[in-house]
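The sequence and structure come first.

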Amino acid sequence: MAPKTLLLLSLILVLLLGQSCATKDYGLALTKSLLFFEAQRSGKLPPGQRVTWRGDSAPNDGKDNGVDLSGGYFDAGDNVKFGFPLAYSLTAIAWGVVEFNSRLEAKKEIGNALAALRWGTDYLIHAHPQPDVLYVEVGDGSSDHDCWQRPEDMSTPRTSYKIDDSKPGSDVAAESAAALAAASIAFKGSDPKYSGTLLTHAKQLLEFARNHRGLYQNSVPQAGQFYSSSGDDDEIVWAAAWLHRATGEQTYLDILSSGNNGGVRSMFSWDDKYVGAQLLVTKLLLEGKVPNSGPWAAYKNNVDMFVCSVVQKGNNNVQKSPGGILWFLPWANLQYVTSSMLVVSTYADYLSAAKATLSCPQGSVSPQDLISFATSQVDYILGANPKAMSYMVGFGSNFPVQVHHRGASIVSIKADPKSIGCKEGFDWFNRNSPNPNVLDGALVGGPDANDAYTDSRSNYQQAEPAIATNAALIGVLARLA
């Protein structure tokens, strides 16, 4: 081949690679992923609110029980505040902030990340008015789902539900403890007083959880219809791991050494926290703070096998679609992809700091291999997939426009202040047209196991966003940006 032809081919290749990289602006994706949390805010919106099509909502939440539960986040495309996935989402945001603080600072997003975290932790503090009392839901899922209304217009019951020493919920109490402990580390540098308050609540909630065991859906059946917990052992060790990281106290190591390490898991999720606890223990082991033997070695071995299966180097690998996205579940699959990528990205940095690699059944995996795998998953989400569609709303030129989301799918109250009733809203739901409000940064549930996606408001399995899906992605995007 002539030298000129080679040079021309090289230039074309460089241009193509440049275009490919340019389409994956992780910094922009990070900015948008944080914007989504502003669209999910409940209560009186702050002066700096950037999602301007939203208005104040649910100001009287908690009044039925004499507490202020007006803040926090709506869970997904609905207007209910579910405490169990909310607490997990806050832990995931905090984890990203703790691990990738300097990268968030470099992208000038640390303020927005801490604001997203604080909007949730302020709510958790209000939801925990006494050591053995925690409010775990506001609103009723069944009646809420019978209506299609903007949050500003809600006419459904806003009942608040709690757990206490006679009606326990050790799973949600311990997850809330994990969230507050992780957040206390995130705020330690910028607001030590607030950090101390978070830590006090975290300690009380784990003590409450350990002294009053029981699944929360047995105390609050309304929550169990939507977010039923499969157990509480995982939340107990997860909270203990975060409280040890926040305090260094031996008592939390004792809980971990005698606790259930969970074995090898198939996912990390709002319901299953074992992988997170295993990885935090592995950090201690890599740093020489616990011995590489006994229960500590078991924690590490279990997370190693999980990560090996995720990056396709294990004996029982996580399924992938033909286009390359990890496949866990038909409903909101991307939620489990983002959570596993937070684990993979974090582990890469733990291994790198220890100058170590991951030994998998199918070969050695370097920290860079882990980051490359996480990058491939994020790239798929942002458009490098068979449909050439970004599954982050507002990112790129081709993204879902009929997102299953009440607020986004109905004209903004700022544009039309006339109240829209419970059933009237379905007129907007049934329109075969783009949502009037772009839900910037929201990750939808995502494509199916064969990379297919139907952009329809009624397709809630694929088209509904949720705070738990976005929460884990913040740290991953910060790491890649």
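Which residues does UniProt list for "domain: Glycoside hydrolase family"? The unreviewed UniProt entry gives residues 26–477. The model shown here is predicted. In it, the end C-alpha atoms of residues 26–477 lie 6 Å apart.

**Helix pairs**

Two packed helices are described by the angle between their axes and the distance between the axes.

| Pair | Residues | Axes come within | Crossing angle |
|---|---|---|---|
| H15 and H20 | 333–353 and 467–480 | 8 Å | roughly 30° |
| H3 and H11 | 83–99 and 233–247 | 13 Å | roughly 35° |

H15 passes H20 in a left-handed crossing. On H15, the contact includes Leu334, Met341, Leu342 and Asp349. On H20, it includes Ala468, Leu473, Val476 and Arg479. The residues of this contact divide into 7 nonpolar, 6 polar and 2 charged.

H3 also passes H11 in a left-handed crossing. Phe84, Thr91, Trp95, Val98 and Glu99 of H3 meet Glu235, Trp238, Trp242 and Arg245 of H11. By class, the H3 contact with H11 has 5 nonpolar, 1 polar and 3 charged residues.

**Nonpolar cores**

The largest nonpolar core holds 151 residues. Which of them touch the most other members? They are Trp95, Leu206 and Leu370. Trp95 is also one of the H3 residues that meet H11. Leaving out residues up to four places away in sequence, Leu206 touches Ala174, Ala177, Ile236, Ala239, Ala240, Leu243, Tyr252 and Ile255. Another core, of 6 residues, lies apart from the largest one. Among its members are Trp148, Val411, Ile420 and Trp428.

Terms used:
Residues are numbered from 1 along each chain as its sequence is written. This is a predicted model: local features need pLDDT of at least 70, side-chain atom pairs count only at pLDDT 80 or more; totals for chains, interfaces and linings use all residues. Side-chain values use heavy atoms; hydrogens and water are left out. Axes are lines fitted to C-alpha atoms, for helices over the stretch in contact, and angles run from 0 to 180 degrees between N-to-C directions. Helices (H or I, at least four residues) and strands (E, at least two) are DSSP runs, numbered from the N terminus. A crossing is left-handed if the near helix is turned anticlockwise from the far one by less than a right angle, and right-handed if clockwise. Contact means heavy atoms within 4.5 Å. Ala, Val, Leu, Ile, Met, Phe, Trp, Tyr, Cys and Pro count as nonpolar, Asp, Glu, Lys and Arg as charged, and the others, Gly among them, as polar. A nonpolar core is a set of buried Ala, Val, Leu, Ile, Met, Phe, Trp, Tyr and Cys residues joined through side-chain atoms within 4.5 Å. Buried means under 20% relative accessible area, exposed over 50%, partly exposed in between (1.4 Å probe, protein chains only). UniProt positions are given in the numbering used here, feature names are shortened, and annotations may be inferred rather than shown by experiment.
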